[in-house]
Amino acid sequence: MHRTFRLTEASDTQCEITPATAAWLNSLGHASARPLANGQFLVNPGNVCGIFGNGDATFEVAPKTTVRNLLELVLYARTGLSWDPGTVQVEHDSVPLLMAGYLDQVVTEALSAGVLKGYVAVDETSRYMRGRLRFEDQLARRFMQPYPLEVQTTDLSPNIAENQILAAALQAMLRVVVSEMDKRAEREVMVGRLRRSVAKLGPQTPIHGRIPTWTRTVRNRHYWEALAVAELILEGEGQALAVGSREGAGVIIQTWRIYEAAVARAMAEKTDPALDTVSAQYVEPLASNRADRTIRPDIVARYPHGQLLVMDTKFKDKEPQQADLYQSITYSRVLGVEEVVLLYAGERDPAHPVRYVIRQPEHFAGTPRESRCVVTVEYLNLDQDLDGIKRDVWELVDKYDTAGASPE
């Protein structure tokens with residue numbers, strides 16, 4: 001019998017699932033299922049939220065923070081925009097229905113002024129010369145013939161990258177909502193809303209594989225929020241979802257990526273004093289003779305006086321694991337900094353240490369000496385508004401500026 005389990009991101013939940021489903025979860029890469037003595041399994045979905053499943057079970061995963069806060073972080077991390085508190089509505093307790101409802105809401109708002117149009121090149125065969133003659137096609141297909149002509153014209157069309165992305169995301173969420181086992185009235189209402197939004201966009205070229213690129217301009221500014229959510233859904237699409245004999249598309253959000261991007265953007269927006277550079281997913285060679293050996297701190301910021309702030313964002317446990325400490329030592333040695341900051345999402349637990357001083361014996365010119373790496377654990381509370389999150393990030397930047405305020 002098919003069952004639906006409601007989980008919380010990065011948290012263990014006891015579930016009555018089959019060994020085959022447990023093996024499938026362990027194969028996903030982000031989830032885990034550990035057997036218990038009572039025959040059940042302790043399931044942890046990892047740092048994702050959304051919906052995924054196989055033919056035996058469906059897993060709805062709620063984020064650690066509130067869904068509203070997560071979606072606000074999504075918008076800020078991708079566009080730098082903030083929500084208008086008066087227009088945002090979060091109505092559903094079901095994760096897929098909530099995601100679908102928010103997508104439909106921002107798409108509806110984007111289309112309220114009409115469907116965005118752009119100039120697209122159209123290749124056609126014509127008896128009259130208009131636009132530009134396609135010489136190669138003309139020679140290949142109509143050699144020595146005066147007509148018809150192979151021409152390329154430019155037409156104003158709604159079939160552009162922005163609308164293609166919105167349509168693909170709506171279709172993806174439509175498949176997820178339709179695949180839900182729970183036949184509640186809310187689901188049927190949501191299906192109708194999504195289909196109406198798809199109809200408003202009209203026929204669009206389907207997206208296969210890579211998401212089309214588009215450029216933020218004043219002309220498409222009213223689309224920014226909708227495109228931020230749509231791209232997030234398309235990036236997480238493809239996680240298998242099967243319900244009985246039907247197959248759908250699961251959608252997951254990798255929350256750790258959103259967290260990292262939001263922190264990096266907040267650091268880049270800091271003023272008084274501003275940082276010289278903020279690099280997310282910073283890449284530094286680990287070996288001079290091997291290009292494939294690198295380190296990748298989540299964020300490396302450079303102060304105006306040259307000091308580096310090396311930070312790894314952690315959207316998982318509330319204290320460093322052994323691998324995190326080893327990783328920090330490598331950052332310290334390669335980048336030449338004494339201190340590395342681990343920024344965890346959540347509130348500080350007084351029972352856990354917040355500073356690790358790791359001493360490393362080494363030899364220099366035949367003389368033994370000792371170096372050290374300081375790993376400092378900081379916490380960022382995401383259960384607050386965006387202004388509060390940015391303010392806390394800016395205070396952290398000031399705290400680790402040795403030319404200004406020194407860390408306690």
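With a relative accessible area of 0%, Val 107 is buried in this predicted model. The residue belongs to helix H3, which covers residues 95-110. Once residues up to four places away in sequence are set aside, Val 107 touches Leu 166, Leu 170, Ser 197 and Ala 226.

Val 107 and Asn 163 sit 56 residues apart in sequence, and their C-alpha atoms are 9.9 Å apart in space. Asn 163 lies in helix H5, made up of residues 161-179. Here the relative accessibility is 0%, and because anything under 20% counts as buried, Asn 163 falls into that class. As for its surroundings, Asn 163 is in contact with Val 115, Leu 116, Pro 158, Leu 201, Gln 204 and Tyr 223, leaving out neighbours within four places in sequence.

Then there is the sheet. Three strands, in the order E2-E4-E3, form an open sheet with antiparallel pairing. Strand E2 (13-15) and strand E3 (32-35) are the edge strands, each pairing on one side only. From one strand to the next, the twist averages 35°. Helix H1, residues 19-27, packs on this sheet and touches both E3 and E4. The direction of H1 makes about 140° with that of E3.

E2 and strand E4 (residues 41-44) run antiparallel and are joined by 3 bridges. Within this pairing, Gln 14 has Leu 42 in E4 as its bridge partner.

Technical notes:
Residues numbered from 1 in each chain as written. Predicted model: local features only at pLDDT ≥ 70, side-chain atom pairs only at ≥ 80, totals over all residues. Heavy atoms only, no water. Helix = DSSP H or I, 4+ residues; strand = E, 2+ residues; numbered from the N terminus. Buried < 20%, exposed > 50% of the residue type's maximum accessible area, 1.4 Å probe, protein only. Contact = heavy atoms within 4.5 Å. Pairing = 2+ DSSP bridges. Axes fitted to C-alpha atoms, helices over the stretch in contact; angles between N-to-C directions.
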